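This briefing covers strand pairing, helix packing and aromatic contacts in one protein model. Please read it alongside the sequence and coordinates.

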Amino acid sequence: MDKVGETTLHIDLNALEHNYMFLKSKLKGDTKFLAVVKAFAYGSDMVVIAQKLESLEVDYLAVAYVKEGVLLREAGIKLPILVLHPQPTNFGELIDHSLEPSLYSPKILTLFLEVAADKKLKEYPVHIKFNTGLNRLGFWENDVDYILKHLQERNELKILSVFSHLAASEDSKEKEFSNVQINIFKKICEDISQKLGSVPFRHMLNTSGIINYPEAQFEMVRSGIGLYGYGNDAQIDAELKPVATLKTIISQMHKIEPHESVGYNRAYKSDRYRITATLPLGHADGIGRQYGNGKAHVYINGKKAPIIGNVCMDMIMVDVTEIDCKEGDEVIVFGENYSAEDFAASANTISYEILTAISSRVKRVVTQ
Ligand SMILES: *Cc1c(COP(=O)(O)O)cnc(C)c1O
């Protein structure tokens, strides 16, 4: 990795390939793999990641919103793309870009059907989402008849798959609940297949599901965080490689006398002589204020430098009193050698949040 001259998010496509192979090794030979690239591929670079995944021959991609799928199509991505949470206002655009909607409620189903009829679609692929306990999106178990009543005897839409989502796949204390979800899902799938007379493919597992519920792979799994190098489990993390590494540099050093303050609202007051370094990244770059005031630290020349005072919009200040460093030196915020999971945990949050928070202002550099 080259030395940086400004705040930079390094994206390592070899790490992505490594993680994909690791996750694939947990699957039966014929289980399909859907790679989740929503939220700019978990804050990295959606197009670059999708291109790499296409070259690795994943079976499917998923995004949350239509806009994200449109960006992928405009970049020439040909894989089937499932849109997990489409809004009716974007249905036309979704169809024009050959994106495949998750239909998750009676309202969404009937509105999509209207657009499909308007556009005279034939057997347009759709995916039916069932709620089995997360209580977020999805039809209920007893909506099967309603769904089929609307779809049978007309040919605008074709149910390509049926899916659901676990509420606590990473939590070993919730095994019983997860197994109840899996059994409800199985029952729904049987019911649908029987009444439909054909068998849509089934998927339920996210990354932690792949690790903890291998018996529930069905025909496809959907992985996001694992591809980016995190597994919600220290043992799995050890097998994965972080795709994104956030680095910055020291802009300026300050000598702080006892009883002086540092930063806005004088939130940090020094008890003794200290040296601080000011770094060119702040809450506008994704490092939220919860990381300030001693909660999180970064690494400079292999040593921990705590963030002191309030996080500013464009800067943070760190304590480097005990670190041999100078202006221009490199700073590791998270990634290789210091996981985003650990950085996030210091402010009581999770890898998903810090990864997806890194704003578009931060330069991206991709290593093949
Ligand atoms: C985001 C998402 C995933 C990916 O979950 P990870 O924990 O990142 O693997 C899978 N399925 C659905 C429905 C999602 O919203």
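Two strands are said to pair if DSSP finds at least two bridges between them. With two bridges, strand 15 and strand 18 (residues 330-334) pair in the antiparallel sense. The model is predicted. The points below start with the sheet and then turn to helices and aromatic rings.

- Strand 15 (residues 297-300) is joined to strand 16 (residues 303-308) by four bridges in the antiparallel sense.
- Opposite Val 298 stands Ala 305 of strand 16.
- The hairpin of strand 15 and strand 16 has two residues between the strands, and Asn 301 in this hairpin takes a positive phi near 45°.
- Tyr 299 has Ile 332 in strand 18 as its bridge partner.
- Strand 1 (residues 8-12) and strand 10 (residues 244-249) run antiparallel and are joined by four bridges; Thr 8 has Lys 247 in strand 10 as its bridge partner.

**Helices**

- Helix 3 (residues 46-55) packs against helix 4 (residues 66-74) at an angle of about 65°, and their axes are 10 Å apart.
- The crossing of helix 3 and helix 4 is right-handed.
- On the helix 3 side the contact involves Met 46, Val 47 and Ala 50, which meet Glu 68, Leu 71 and Leu 72 of helix 4.
- Five residues of this contact are nonpolar, none is polar and one is charged.

**Aromatic rings**

- There are 12 aromatic pairs in the structure.
- The ring centres of Phe 112 and Tyr 124 are 6.1 Å apart and the planes are at 50°, so this pair is tilted.
- Phe 112 belongs to helix 6 (residues 106-118) and Tyr 124 to strand 6 (residues 124-129), 12 residues apart; both are buried.
- Phe 185 and Phe 218 form an edge-to-face pair because their planes are at 80°, with the ring centres 5.2 Å apart.
- Phe 185 is in helix 8 (residues 175-196) and Phe 218 in the loop between helix 9 (207-212) and strand 9 (220-223), so the pair ties together parts 33 residues apart in sequence.
- Phe 185 and Phe 218 are both buried.
- One aromatic cluster is formed by Tyr 291, Tyr 299, Phe 334, Tyr 338 and Phe 343.

Methods:
Residues numbered from 1 in each chain as written. Predicted model: local features only at pLDDT ≥ 70, side-chain atom pairs only at ≥ 80, totals over all residues. Heavy atoms only, no water. Axes fitted to C-alpha atoms, helices over the stretch in contact; angles between N-to-C directions. Left-handed = near helix turned anticlockwise from the far one by under 90°. Contact = heavy atoms within 4.5 Å. Nonpolar A, V, L, I, M, F, W, Y, C, P; charged D, E, K, R; others polar. Phe/Tyr/Trp six-rings, centres within 6.5 Å; stacked < 30°, edge-to-face > 60°. Buried < 20%, exposed > 50% of the residue type's maximum accessible area, 1.4 Å probe, protein only.
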